[in-house]
Amino acid sequence: PTMIRMLEDMTGVNAREIPLDDPETMGIFCSAAPLGLTDDDPIVGKTGTIGIPEFGTGFTRQMLVDTQPKGFDILVRLSGFSHGTDVWLGNAKDLIMSGTATVNQTVGCRDDIMLYLISRGMDAKLSFKIMESVRKGKVKRGGFQDGWVETMQEHGVPEWYITSLSKIAYLFPKAHAVAYVMMAFRIAWFKVHEPLAFYSAYFYRRSQKGGFDEGMMCHGIELVKKKLQEIKADEDSTAKDDDLFTTLEVCYEFYLRGFTFAPIDIYHS
């Protein structure tokens, strides 16, 4: 919220009026092309979401590469994957990559279970009970209650879906995922359409947490690239190094897009 307020103040754009289906913004979740970059850079990779909340880590960027989301609803499901426990790795990812299920057919948030079971004709109260047991990890720890599996099978719920439910330790609520993705998408819009405002706000927020190193970041892309490679190769990197790595990734992309830092100026800084 703080970053969005800064972006609004700098640009005069009302973030709440940003369309959540803006094609160019949606495009960065599948490619770096909307940023004017290619998808073959070893640091930026095949998406344009470096620095975007929810979708900026190496883990979530790989999730985007694996799923190639084309709509806001898919982003919500991916947010559920990343915030859940035992939801993506060893579960939904395997189902999607093997072609067993599409992203929309897998479980992303807790609400997905209840709504899906009701859509198969199951009793709403039972559907709710199964959802609650799965999302709290009760099913993973102690199995389904008597009759639940049989009821799901009688209503045509596939075995892969039932198996998937049995692996889940925790599930995110969908409303929470929607709120997070709305914020992320608005920030992504500024990254695409108001890039200097985006980088200014991002680096300011990072500087407040000690994640901005002027000596390393303001002297060209080669220095940034060298430090990124050093941290990546260091098996004993600290949490502080990892934090700096996150900022340097954004700084590297900033330079790639043709932007530079000006020296500190008392009248402009």
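**Close-up 1. Helix H11 and its buried residues.** In H11, the buried residues are Ala177, Val181, Ala184, Phe185, Arg186, Ile187, Ala188, Trp189, Phe190, Lys191 and Val192. The model shown here is predicted. H11 covers residues 174–193. What do the buried residues of H11 pack against? Their partners are helix H1 (2–11), helix H2 (23–27), helix H4 (72–83), helix H12 (195–208) and helix H15 (239–256). An α-helix has 3.6 residues a turn, so residues three or four places apart point the same way.

**Close-up 2. Arg186, a buried charge.** Arg186 sits in helix H11. Arg186 is buried, yet has no salt bridge. How far away is the nearest side chain of opposite charge? That side chain belongs to Glu8, and the distance is 7.5 Å. The Arg186 side chain does reach the backbone oxygen of Ala15, at 3.3 Å. Leaving aside neighbours within four places in sequence, Arg186 is in contact with Ile4, Ala15, Arg16 and Ile18.

**Close-up 3. The largest nonpolar core.** This core has 77 residues. Ile113, Ile130 and Leu165 have the most contacts inside it. Which helix gives the most to this core? H11 does, with 9 residues. In soluble globular proteins, nonpolar side chains tend to be buried together. Now look at Ile130. Not counting residues up to four places away in sequence, Ile130 touches Ile113, Leu117, Met122, Phe144, Trp148, Met152 and Leu165.

Close-up 4. The structure holds 11 salt bridges. One of them joins Glu249 to Arg61. The closest N and O atoms of this pair are 3.1 Å apart. Glu249 lies in helix H15 and Arg61 in helix H3 (residues 58–67), so the bridge ties together parts that are 188 residues apart in sequence. Are these two residues buried or exposed? Both Glu249 and Arg61 are buried.

Close-up 5. The side chains of Lys140 and Asp86 meet in a salt bridge, at 2.3 Å from N to O. Lys140 belongs to helix H8 (residues 138–142), while Asp86 lies in the loop between H4 and helix H5 (88–97), so the pair ties together parts 54 residues apart in sequence. Lys140 is partly exposed, with a relative accessible area of 41%. Asp86 is also partly exposed, at 34%.

**Close-up 6. Glu253 and Lys191, a link from H15 to H11.** Glu253 forms a salt bridge with Lys191. Their closest N and O atoms are 2.8 Å apart. The pair links distant parts of the chain. Glu253 is in helix H15 and Lys191 in helix H11, 62 residues apart. Both Glu253 and Lys191 are buried.

**Close-up 7. A salt-bridge network.** Which residues are linked in this network of salt bridges? They are Arg77, Asp112 and Lys174.

Close-up 8. Asp66 lies in helix H3. With a relative accessible area of 17%, Asp66 falls under the 20% cut-off, so Asp66 counts as buried. Not counting residues up to four places away in sequence, Asp66 touches Trp88, Lys93 and Met97.

Definitions and conventions:
Residues are numbered from 1 along each chain as its sequence is written. This is a predicted model: local features need pLDDT of at least 70, side-chain atom pairs count only at pLDDT 80 or more; totals for chains, interfaces and linings use all residues. Side-chain values use heavy atoms; hydrogens and water are left out. Helices (H or I, at least four residues) and strands (E, at least two) are DSSP runs, numbered from the N terminus. The expected span of a helix is 1.5 Å times one less than its number of residues. Buried means under 20% relative accessible area, exposed over 50%, partly exposed in between (1.4 Å probe, protein chains only). Contact means heavy atoms within 4.5 Å. Lys and Arg count as positive and Asp and Glu as negative; His and the chain ends are not counted. A salt bridge is a side-chain nitrogen of Lys or Arg within 4 Å of a carboxyl oxygen of Asp or Glu. A polar contact is a pair of N or O atoms within 3.5 Å; within protein, one must be able to donate a hydrogen and the other to accept it, and residues adjacent in sequence count only if both atoms are side-chain atoms. A nonpolar core is a set of buried Ala, Val, Leu, Ile, Met, Phe, Trp, Tyr and Cys residues joined through side-chain atoms within 4.5 Å.
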